[in-house]
Amino acid sequence: MQLYNEWPHQIVLLRDALVPFTNWQDVPFLITPSGLRYTEPARDAFLTELVVRQIRHSSIVDFARHVVTGTGGPRGHGFEAGCGAALPTVLDQPPLTATRHLPTWRPDPGR
């Protein structure tokens, strides 16, 4: 029964980890021996803020950073990881059509 419960839980964690990105199919994930369970504390904080009040951009970026790197970091509009960066969508799309709060993953062109 535990194995059956673990599989749907990992799928839910994966679904929630994809939320903060506009191009979710390009985002590299940190996968540990326990799967995506390392995202649970950051996910709980993210979902709590999402449900309880208007979510801040810094909370979206912080959760996205936890998904990609597994750690926190300084607050900002984006972050850099070893294999790329997550930056605001408005940098490469017209401001009228770009998403206001979700970052876009940009792979490192040197890799």
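Predicted model: local features only at pLDDT ≥ 70, side-chain atom pairs only at ≥ 80, totals over all residues.
Among the chain's elements, helix 2 (residues 40-52) has the highest mean, 92, while strand 1 has the lowest, 86. Helices (H or I, at least four residues) and strands (E, at least two) are DSSP runs numbered from the N terminus. Residues are numbered from 1 along each chain as its sequence is written, and side-chain values use heavy atoms, with hydrogens and water left out. Local features need pLDDT of at least 70 and side-chain atom pairs count only at pLDDT 80 or more, whereas totals for chains, interfaces and linings use all residues.

Let's start at G76, in the loop that runs between helix 3 (57-69) and strand 1 (79-81). With a relative accessible area of 28%, G76 is partly exposed, a class lying between buried (under 20%) and exposed (over 50%), using a 1.4 Å probe and protein chains only. Beyond its neighbours within four places in sequence, G76 is in contact with H57 and V61; contact means heavy atoms within 4.5 Å. Its C-alpha atom is 6.5 Å from that of S58, 18 residues away along the chain.

From here V61 leads us onward: leaving out residues up to four places away in sequence, V61 touches G76, H77, G78 and F79. Both V61 and F79 belong to the largest nonpolar core, whose nine residues also include F21 and W105. Such a core is a set of buried Ala, Val, Leu, Ile, Met, Phe, Trp, Tyr and Cys residues joined through side-chain atoms within 4.5 Å.

Conventions: pLDDT = per-residue confidence, 0-100.
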